[in-house]
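Time to write down what I looked up.

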Amino acid sequence: MITLSIEHVSSPLARAFSISRGAKTAAESVLVTLQQDGFTGRGESVPYGRYGETVESVIAAIEKHRAEIEGGLSRIDLQTLMPPGAARCAVDCAMWDLEAKRTGKPVWQLAGLPEPVPLETAVTVVLASADEMANAAREAQGKLLKVKLGGDGDIDRVRAVHEARPDARLILDANEQLEAGALPGLAREAARLGVVLIEQPFAAGKDAALLKRPPEVAICADESAHTREQVQDLARLYDAVNVKLDKTGGLTEALAMVREAKACGLGVMVGCMVAGSVSMAPAVLLGTLADAIDLDGPLWLSKDVEHGLKYEGGTVFPPSRDLWG
């Protein structure tokens with residue numbers, strides 16, 4: 001018999017995380033713990049308001065299937081029992097962790113992933129004035145920076161970050177807020193300012209203009225990309241996809257999505273919501289298959305969990321078995 005526990009975790013941030021849709025000062029997540037025969041597995045996910053999720057709705061979605069989960073539901077059957085999203089993600093990742101603990105085999109072996117190694121991660125420069133973003137870029141560790149955009153003044157923001165950190169490669173993240181006519185000019189200038197990727201310039205479902213996307217910088221889908229089902233259509237519009245476990249519904253579907261994306265010739269980024277190391281750990285393992293990762297979530301917390309991920313100079317190290325997997 002498996003025992004299921006569900007907890008709302010509210011983690012204050014060290015500083016506000018601002019994007020075009022607003023700012024947050026705390027990371028709100030749902031932690032699932034599965035216990036069986038003295039072994040414990042954990043999975044954490046972030047309910048995302050962009051997709052109509054709340055902490056309460058995610059907890060309710062998990063509670064709805066408590067009997068099946070505690071009755072020994074398989075991870076494969078979970079994929080059809082629950083839809084993609086934060087609720088399934090927390091349960092799926094807890095199942096992987098519990099299986100690793102019970103079998104004594106790490107998740108990377110169970111999942112057929114390469115042995116984990118330290119990986120370069122993007123570090124986010126949140127939306128603010130050009131001067132404030134330049135100052136943040138100077139302080140940011142690593143040489144891969146994700147720069148949040150907000151519409152008016154974006155070129156000035158990118159130019160300021162580049163001048164502050166000419167050594168860094170830049171990813172621009174528009175979070176669906178660009179006007180179609182603004183992209184060609186932004187891409188041309190961005191290519192001269194160290195930008196290697198522009199993420200989700202237009203709203204999901206309103207990105208047909210990308211059939212004739214500018215060639216200077218690769219364009220990556222984020223809000224348009226949820227599971228493997230969208231990948232073939234996205235390959236017509238985008239050069240890469242950002243795979244986030246909270247959207248796919250866990251590591252199981254994220255693995256399938258990464259492999260489908262690669263089969264379609266798309267580049268792959270593994271990304272995250274703002275959350276702690278339990279949420280981040282499965283994505284770090286998946287990152288061994290990616291072309292780039294954006295897994296700096298724990299760096300934003302005032303305090304991470306015990307045995308949290310180690311970050312050093314823009315590099316994230318594999319999770320310890322005490323943390324996850």
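I started with T124 and found that its bridge partner in β6 is K146. Strand β5 (residues 123–125) and β6 run parallel, with three bridges between them; two strands pair if DSSP finds at least two bridges between them. Helices (H or I, at least four residues) and strands (E, at least two) are DSSP runs, numbered from the N terminus.

A note on what I'm looking at: this is a predicted model, where local features need pLDDT of at least 70 and side-chain atom pairs count only at pLDDT 80 or more, while totals for chains, interfaces and linings use all residues. Residues are numbered from 1 along each chain as its sequence is written, and side-chain values use heavy atoms, leaving out hydrogens and water.

Next I checked the other neighbour of β6. Strand β7 (residues 169–173) runs parallel to β6 and is joined to it by five bridges. L144 has R169 as its bridge partner in β7. The chain gets from β6 to β7 through helix α7 (residues 154–164), and this β-α-β crossover is right-handed (with the strands pointing away from the viewer, the path from the first strand over the helix to the second runs clockwise). I also traced β5, helix α6 (residues 130–139) and β6, which make a right-handed β-α-β unit.

Is β6 buried or exposed? Five of the five residues in β6 (residues 144–148) are buried, meaning under 20% relative accessible area, with exposed over 50% and partly exposed in between (1.4 Å probe, protein chains only). L144, K146 and K148 are on one side, L145 and V147 on the other, and both faces are covered.
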